[in-house]
Amino acid sequence: MKNLKLGELLVNDHLITQEQLDDALEIQREVHKKLGQIFIEMQLISENELLTVLADKLGFHYSEQPLSLVENGIQDVVSSEFVRANKILPLYIKNGTLYAATNDPLDFATFEDLSMITGLDTRPIVSPLSKIEQGIGVVYSFTDENISEADKLSIQEEQLMQRVDSAPVVKLVNQIISNAQSLNASDIHIEPEEDVTKIRYRIDGILSDQMTLKKELHDLITTRIKIISGMNIAEKRSPQDGAFRIQTDFLRIDIRASSIPTPKGEKIVLRLLGSDRNVQYELSKIDISDTIKDKLRKISQVPNGILLLTGPTGSGKTTTLYSLLHEIATRERSVVTIEDPVEKQFDGITQVQVNPRAGLTFATGLRSIMRQDPDVIMVGEIRDTETATIAIRAAITGHFVLSTLHTNDAIASIARLVDMGVEPFMVASSVKAVLAQRLVRKVCPHCATKEETSPEDRRLLGDPNLTHTMKGGGCERCDHTGYLGRSAVFEIVFVDEVIQDMIASGAKAQEIREYAKTQDSQFLQDDILRLVREGKTTVQEARRILFSID
């Protein structure tokens, strides 16, 4: 191996000619530079091409970012004087061999000296000289006596940034996200523990363990996510929020990121917006009953007023609202939304993203939208009295407004508006319908089996004749959970004149609910029971949903 000559390698690979080699050798006799450097200065070959050829011919690994491979404490193995004099960067020790970055793997004498100094076998990793010098500056600056604590922190941050931008970390983060998307996960939880980092996905509303990573990867992963999300990587003591998009030839995902500090490190949660590949935003195509579809279409024909949709986070409210907008949006109507965030973009609809830092809140955005001559307005969420008041006034003045609230059931959303300070008579005259929604996991059709229901289950569901239901046994297609996909269940109450009078007179929610049961109203328990009867969900799922709304 020591007899290899760089010039001959390049000539044999037809990267330079023999004549160009002779010219370079002539220059070398005068300037006493390394031949490779002369080739680069003559612009016969780039440094990257040169190093790639050398690494390939010599059977060495090539790394464009050697700093990302540096192990903690490696600077104690080789002195600063030696690495600076010989332009090499010690990286790590594996199986008794010291690996070091060099831009001249033919400099065998340096590696023999390195073996004698350390008592270890040595092996080169080929890297650009500029990256090696940068790495030396970062790693060996800690040995300087006069360096300040602030400078040390800056150097540590720079070293972390170099490692975070390296290909392995980028690929790992992308892989975590693409795996989640392929499994139709809605959220990714990156959770630090004592010795490891756990990766969990929320699939069909339930969290499940997916990966266990080495603890030393945690800071690299969280820092990478914070960088691309626009968060402050130096701030690790306060919660932060951010957003980013992953886009390739085959994949586009908009992602919201949030971090919170814990004693074991920062926990990161990623929300994959619009990640469910099975969702189609049309009433005719979403998985709900025909009866519910007819009721929702009836709501979409309301010329003015407000429609309130309630349910916990992740219950499919946005999908329902988008499906209603799909029914409503025509060339004759101006449809404007204000959202946080805009989860899916649609043609023919003006969509506004909330941006509190720029002063664009739901309230200020809604005021501006009112000056845009809209026919239909969707407000992503009513969070405060100001937004509620403006939305109600918009509905009263001839606009059709759709929005969401966080309450347990449909009737409670009426009381919530009153509690927020909206006058009861304004609520009564503007609200046309209230909906509550949940998502129920469906029995996997590939492993479904019958099971007998208990008297307690029949009492819970209010059906003494329900003797058997379906349950998934668990198979490869459902990842052995017994469930595959989800279906929406609804509570729908139309506000008629009687309910209007009850609201205006300050009637309690329970009184309104009792009256609604005597009318053509749909309640969550009814819709869940329908799915159980049809064998589409289990009694266990029914219990989970019904107990959550008590």
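Tutor: In this predicted model, a salt bridge is a side-chain nitrogen of Lys or Arg within 4 Å of a carboxyl oxygen of Asp or Glu.

Student: How many salt bridges are counted between domain 2 and domain 3?

Tutor: The domain assignment places domain 2 at 166-273 and domain 3 at 283-440 + 486-525. R486 pairs with D204, with 4.0 Å between the closest N and O atoms. For domain 2 and domain 3, the number of salt bridges is 1.

Student: How many charged residues does the side of domain 2 that touches domain 3 have?

Tutor: Contact joins 8 residues of domain 2 to 7 residues of domain 3. By class, the side of domain 2 has 1 nonpolar and 1 polar residue, and the number of charged residues is 6.

Student: What area is buried between domain 2 and domain 3?

Tutor: The C-alpha centres of the two domains are 32 Å apart. In domain 2, the residues that lose the most area to domain 3 are D204, R256 and L273, together 55% of what that side buries. Carbon and sulfur atoms give 44% of the buried area, which is about 610 Å².

Student: How many residues apart in sequence are the parts that D340 and R383 tie together?

Tutor: The two side chains form a salt bridge with an N to O distance of 3.2 Å. D340 lies in the loop between β12 (335-339) and β13 (350-353), and R383 lies in the loop between β14 (376-379) and α14 (385-396), so the parts tied together are separated in sequence by 43 residues.

Student: What is the distance between the end C-alpha atoms of residues 370-384?

Tutor: An unreviewed UniProt entry annotates residues 370-384 as "domain: Bacterial type II secretion system protein E". The chain there is 7% helix and 27% strand, and its end C-alpha atoms are separated by 18 Å.

Conventions
Residues are numbered from 1 along each chain as its sequence is written. This is a predicted model: local features need pLDDT of at least 70, side-chain atom pairs count only at pLDDT 80 or more; totals for chains, interfaces and linings use all residues. Side-chain values use heavy atoms; hydrogens and water are left out. Domain bounds come from an automatic or database domain assignment. Contact means heavy atoms within 4.5 Å. Buried area is the accessible area (1.4 Å probe) that two parts lose on being put together, summed over both. Ala, Val, Leu, Ile, Met, Phe, Trp, Tyr, Cys and Pro count as nonpolar, Asp, Glu, Lys and Arg as charged, and the others, Gly among them, as polar. UniProt positions are given in the numbering used here, feature names are shortened, and annotations may be inferred rather than shown by experiment. Helices (H or I, at least four residues) and strands (E, at least two) are DSSP runs, numbered from the N terminus.
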